[in-house]
Each structure stands twice: as structure tokens, then as C-alpha cells.
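Please read the following walk-through with the sequence and the model open side by side.

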Amino acid sequence: MPDPALDTLIARVRAARAAKTALNICGGGTKVFYGEAPHGEPLDVRPLAGISSYEPTELVVTARAGTPLAELEAALAEQGQCLPFEPPRFGPAGTSAETVPRGGTVGGMVAAGLAGPARAAVGGVRDYVLGATLLNGRAEVLSFGGQVMKNVAGYDVSRLLAGSMGTLGVICEVSLKVLPTPVATTTLRFELDEAAALKQLNTWGGQPLPVNASAWWEGTLVLRLSGAAAAVQSAVKKLGGEVVDPVLAAAFWTGLRDHTDEFFDGAAKAVAGGATLWRLSVAQTSPPMGLSGEMMIEWGGAQRWVVTTAPAATLREAAARAGGHATAFRGAKAAGAMAPLSAPLARIHREMKTAFDPDRIFNPGRLYPGL
């Protein structure tokens, strides 16, 4: 069948390749701040929209890249299902969780590869990508993977696209594994300092508990339990703590997911004043890092947000000592947004870029300068 939206994109890529013109792949524009600054003529994928197929009994949905994330999540909710990795839906600083614009798209969700509070328990975006269709730099439409988890034919390129920031090509369509919405959810609150909270999180992490998400900030640890009702009730009795009102808890986790809660609102104001919001991915067992600025901890200790004016080298050296890396998420990025690559990894990135986009027309420098 004719596909005018896809044909238009193909024509744009052919013209850009011939003219050696850079293209900035864009959708809802909700993640313009992430990574390096965009360059090139806008290539809008929003006309490439719609849910292509959805099989609730098979827990698989296929959607085109320009499909609004809100539309996909609404369709899943009608069947009691969800995207368990909770992709963030960014909005302007200062907005409440209830007023966040739902302008993000499915393609942007995969290209950014960002996940929310449940990431440590359920996995990230790439863990749920089953297949994808890609428009490469030669204006060829390529398909990878499929609609089942056991598809192992060829290279797993579809998952490689998660977090690629559009540098390999235009994501046209993706097939995703989805899961049922948890039957029961309870949020507990504990008064603990940072060291005690990290120790407790690691203790709980080694036990068969239905811990779905955690967050520590300013002496308070919040824990979300999700799963079968009996398992959640048993864990509540075992762990103790203060049970948070379900309405307040839902608002808190939504705000954390969408970066509209008190911590991120304060971070946005600090960034406007010259600070940088850093995202540190480290070993869960890492002790307190002793960094200047304000910190919030997620993912059982594996993700640590820091708002600071400290030099980039300080953050990256601290993250490396803790077995991880640091990303300049918002604010000044003079030393680069992403953690520098080792020489072997940089070579692999360059070779992948050449294989998919030989003329380097897609999102130049968006992931790493010069790529």
C-alpha cells in the first residue's frame, strides 16, 4: 500500500544525501535538552504515526515512530497493560505532574533510551524492543527483529537503536513487549540518612521482595512495592515503615518519572542559575559519594542525580571510582554531555555510524561530538 508519510521521509533523506545536508530528526521536541545540541534541517517524523498492531493476549504492540506516547499508553491502559520501564514524559520546569504535556513520541522514547523509577526492577527500554524498522543514510528501509522474544536471526540491531539518539537513522516503527499493570501497589516511607538508606536498599535487594522502585532525598527513603496482592501485603508487614496514601504516592512517582517533582523543579531553577544536573550511573553497592550539591538517589542506589556547580572532571572521576559514569543531563555541557568513550568503543561507534549513515547526515554530533 502507498505510504505518503514514509515516502516523504525517504525523499528528504535522498535529497539531503545528495546535497550533503545534515538532518535533525525530531518528533515532539520534549528531549531537545538531552545530549549535545541538535544540528541540521528538521526532519519531522510525527506524520509517521499510528498503532500498527496490538495483540494484548501476546503482550506485543507495534507502533510507528511518530505515534504520541500518550496515545500508546492510553491504548495499553484500556487493556490493563503498560510500558513497565516508565519512559519519562518531560515538560517545562515548574509544571505539576497533572499538567505535563504529553508531546513525546514512540520514536523519541526509543532513541533516547531513558527509563523511569522502575528501571532497576524491570529493565530498560532496550529490554522491551522486539523489532524495528529503520530508514538508513542510504535512504533504504531496513527491518530488524520481529514480534517475539526468541527471534535471534542476525544482529540485534533493533535494541541497538535504544539510546542511539537518532545517529544511526530514522526509526520508522517499533515492536514492543508490554506487561500487565501490577495488581497491587503500596508505597512505604522511611526516615534514614544516605548511608543507612543505601545499606538498607542493598539488604532488601538480596531478598525476594516485590520492590519495584525506590527514591532517597533529604533523609527520606520512599519504596514502592508492586505485584501480587499477597506478596505486597507480606512485604509491608516485614519491612515496616509508614504507608503512604495511595493518591499521594501515585502523584509522587508520576512526578519522579516526569521530572516534575520537588527535586527536579529545584534542579531546573539551579540550572537556570548556572548549575548542572548530573546523572550518575554507578554500582548499587557504592557508598555515599560525598559530592557537593544536592543529591537524589534512585534504582536501589544505581542512579544518583546531583545538582552542582562542581567541574565535570570531579563528577566523572567520582563516578568512575564508583564503577560507573556520569552524564551532564541538563545545564552546562562544556566537557560533553555523555561520558567520554575509550578508544576501542569510540572506534566501534564510528564504524557503526559509517555502516548505517555513511554520509553522516543524521543528527550529527548529537550523541558525541564528531560522530
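**A walk through the predicted model**

Cys172 is buried, with a relative accessible area of 5%. The structure in which this cysteine sits is a predicted model, so its cysteines can be judged by distance: a disulfide would need two sulfur atoms within 2.5 Å. By this rule the count is 0 disulfides. Cys26 takes part in none, and the cysteine sulfur nearest to its own, that of Cys172, is 14 Å away. Cys172 is likewise in no disulfide, its nearest cysteine sulfur being that of Cys26 at 14 Å. Cys26 has a relative accessibility of 24% and therefore counts as partly exposed.

Confidence comes next. The protein has a mean pLDDT of 93, and 94% of its residues reach 70 or more. Residues 92–102 have pLDDT below 50, and this stretch makes 23 contacts in the model beyond near neighbours in sequence. Where pLDDT is low, the predicted coordinates should not be read in detail.

Helix 2 spans residues 69–78, and its buried residues are Leu69, Leu72, Glu73, Ala75 and Leu76. Viewed down the axis of helix 2, these buried residues fall within an arc of 160°, so they line one face of the helix. Ala77 and Glu78 are exposed on the other side of helix 2. An α-helix has 3.6 residues a turn, so residues three or four places apart point the same way. The buried residues of helix 2 pack against strand 3 (51–55), strand 4 (60–64) and strand 5 (81–82). They also pack against helix 3 (106–112), strand 8 (170–177) and helix 8 (246–258). Just after helix 2, Gly80 has a positive phi of about 70°.

Which residues have the most contacts inside the largest nonpolar core? They are Trp204, Leu239, Trp278, Leu280, Leu291 and Leu315, in a core of 31 residues. Leu291 touches Leu280, Val306, Thr314, Leu315 and Ala318, leaving aside residues up to four places away in sequence. A second, separate core has 29 residues, including Leu72, Val110, Leu134 and Ile171. Of these, Leu72 is also one of the buried residues of helix 2.

The charged side chains form 15 salt bridges. In one of them, the side chains of Arg224 and Glu86 meet at 3.0 Å, N to O. This pair links distant parts of the chain, with Arg224 in strand 12 and Glu86 in the loop between strand 5 and helix 3, 138 residues apart. Both Arg224 and Glu86 are buried.

Another salt bridge joins the side chains of Arg89 and Asp258, at 2.9 Å from N to O. It too connects distant parts of the chain: Arg89 is in the loop between strand 5 and helix 3, Asp258 is in helix 8, and the two are 169 residues apart. Arg89 is buried, as is Asp258. Arg89 and Asp258 belong, with Glu73 and Arg257, to a network of salt bridges. Glu73 is one of the buried residues of helix 2.

The closest N and O atoms of Glu351 and Arg347 are 3.2 Å apart. Glu351, at 45% relative accessibility, counts as partly exposed, and Arg347, at 42%, also counts as partly exposed.

Conventions. Residues numbered from 1 in each chain as written. Predicted model: local features only at pLDDT ≥ 70, side-chain atom pairs only at ≥ 80, totals over all residues. Heavy atoms only, no water. pLDDT = per-residue confidence, 0-100. Contact = heavy atoms within 4.5 Å. Buried < 20%, exposed > 50% of the residue type's maximum accessible area, 1.4 Å probe, protein only. Helix = DSSP H or I, 4+ residues; strand = E, 2+ residues; numbered from the N terminus. Arc of directions from axis to C-beta. Core = buried A, V, L, I, M, F, W, Y, C linked by side-chain atoms within 4.5 Å. Salt bridge = Lys/Arg side-chain N within 4 Å of Asp/Glu carboxyl O.
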